[in-house]
Amino acid sequence: MHRPPPVHPDRSGLDEGLLAAVAAGDARLTPAQALEIHDRMPLAEIGFWADRRCRTLHGDVLRSYVIDRNINYTNVCTARCTFCAFRRDGDESDAYVLDREVLLGKIAELCSIGGTQILMQGGMHPGLPFSWYVELLAAIAERFPQVHVHAFSPPEFVEFVRFFDPPGATLHEKVRAVMEPLREAGLDSVPGGGGEIFADAVRRKIGLGKCTAEEWLTVMRVAHELGMNTSATMMFGHIEGIADRIHHLELVRRWQDRDLADFARDGGGSCKAFIAWPFQRENTPLGRVPEWGRGEGDDPDAPFPGDVVARLDGSGSKDAHPLFGRRVRMAGSTTYLRTQALSRLYLDNVWSIGSSWVTMGPHVGQVGLRFGANDMGSVMMEENVVSSAGTTYCLNEPTLCRLIRDAGFVPAQRNNEYDLIKVHDGPESPDLRITDWSSLRAQRLHQQANRETEPPAGAKVELTVSEAQAVGPA
Ligand code: SF4
């Protein structure tokens, strides 16, 4: 039976005894303590405690990565998220649905470099029949039975329910009616895309046409009930307040407690990993909103509108500040590290915290391994969504391993279950096989340096296998 560690609400979040107990897994933070830590604890200190918590769970030696491929099967989408530069209505010249053979070819490329998993998400395309998804999964399972299929985020499942009208009296039953046949056809786990910020006031402003927090969490509960693992995400650093971020963590933790209690004994799944990343503004409607302090009439000494609105219980009202949603507060590296460290301390029931090098860059991602993250995510063969919003970093396996080793750990390749499948502690390790890093094309690591050679805004940025292998170190 899952028993969460106790809370001690009478103690300060800065109390070292409390933090030592949290690091050991013997106590959990309350939302108010988390807010106090966020607002008052020096960055290095919060990193220290998150690192201790990470070491309790994952030891002092190994930090992991996975070789997978992001495949966005379509960019046609019914939602209109204001932070998205990827979506299309369907009639534009660059709207697409990947042909099945093209998609299978991408998986073949992944296998050729030792990949184990695909992360496959849309667009929520209103014109694809249910059979399209079932047949696609069946074709992948037949051709690549060894590849783990991590696919279709909760907002997609909620749209599947709307598109296909499955039987059921509740959303839970309807999602189950859609998810079961997809699972039977080859779906292995459900990714946590579309989490953004759960608080309703924020979600209604930025996630137009996207599912609610309750719907998102219900989809994950069905996945756990069916024995599949999931992940959770948070996109922050836009219009939300700090209390909204903590409320988001609280919902992930609370639902995880419930699902572990209800399903773990019967072979149920769970939320295995959490990853948070800051909003990337380029080419997005939300990106045109002024930064707080730079808009007309702003008083930069006044509290940020998102903080005025936000409540730790998620009940904030958009009417609490006239500029709510009309100003953003972008998150830089230190905010990223602070938020990631806090997530490690708060989410005591989630196994893995991922470092988001794709948005923050390889070196902040590397530092993240000292701020509570145990996992560097994936070698990046292909990424379409974040690159549409102006951020494109690419790393191959040797470089990813080198970043982990330089952070003081031994790199280990994992699978989607977070089982370690290769520990790179010998001379044949991918990074140790390269002796002269200077001869590689380091400048290609950060593709933004070559802006003039990039495709037009919103176009797909895709590396072939040979290109991905050729990318050199920082
Ligand atoms: S973020 Fe996803 S759901 Fe939202 S508009 Fe873009 S593709 Fe659609």
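Me: How far apart are the end C-alpha atoms of helix 5 (residues 130-143)?

Reply: This is a predicted model, in which local features need pLDDT of at least 70 and side-chain atom pairs count only at pLDDT 80 or more, while totals for chains, interfaces and linings use all residues. Residues are numbered from 1 along each chain as its sequence is written. Helices (H or I, at least four residues) and strands (E, at least two) are DSSP runs numbered from the N terminus, and the expected span of a helix is 1.5 Å times one less than its number of residues. For the 14 residues of helix 5 that rule gives 20 Å, and the distance between the end C-alpha atoms agrees, at 20 Å.

Me: Within what arc do the buried residues of helix 5 fall?

Reply: A residue is buried if 20 or more other C-beta atoms lie within 10 Å of its own, exposed if 12 or fewer, and partly exposed in between, with C-beta atoms placed from the backbone. By that count the buried residues of helix 5 are Tyr133, Leu136, Leu137 and Ile140. Seen down the axis, these buried residues line one face of helix 5, because the arc (that of the directions from the helix axis to the C-beta atoms) within which they fall is 95°.

Me: Which residues are exposed on the other side of helix 5, and which elements are included in what covers its buried residues?

Reply: On the other side, Ser131, Glu142 and Arg143 are exposed. Contact here means that the C-beta atoms of two residues, placed from the backbone, lie within 7 Å. The cover over the buried residues of helix 5 includes helix 4 (100-112), strand 4 (148-151) and helix 7 (171-185).

Me: Which residue of strand 3 (residues 117-121) is the bridge partner of Asp68?

Reply: Strand 1 (residues 62-72) is mostly covered, with nine of its eleven residues buried. Two strands pair if DSSP finds at least two bridges between them, and strand 1 runs parallel to strand 3, to which five bridges join it. Within strand 3, the bridge partner of Asp68 is Gln117.

Me: Which residue in strand 9 (residues 375-380) does Val66 stand opposite?

Reply: Strand 1 also pairs with strand 9 in the parallel sense, over four bridges, and four bridges join strand 1 to strand 10, again running parallel. In strand 10, Arg63 has Pro411 as its bridge partner. In strand 9, the residue opposite Val66 is Ser378.

Me: Is Tyr418 buried, partly exposed or exposed?

Reply: Strand 10 (residues 410-414) and strand 11 (residues 420-423) pair in the antiparallel sense over three bridges, and their hairpin has five residues between the strands. Most residues other than glycine have a negative phi. Tyr418, in the loop between strand 10 and strand 11, has a positive phi near 70°. Because Tyr418 has 16 C-beta neighbours inside 10 Å, its class is partly exposed.

Me: How many of the residues around the ligand are charged?

Reply: A residue is near a molecule if its C-beta atom, placed from the backbone, lies within 6 Å of it, and the residues around the ligand include Cys77, Arg80, Arg87, Gly123 and Lys210. Gly123 is joined to Gly122 by a cis peptide bond, with omega about 20°. Ala, Val, Leu, Ile, Met, Phe, Trp, Tyr, Cys and Pro count as nonpolar, Asp, Glu, Lys and Arg as charged, and the others, Gly among them, as polar. The shell divides into seven nonpolar, one polar and, for the class asked about, three charged.
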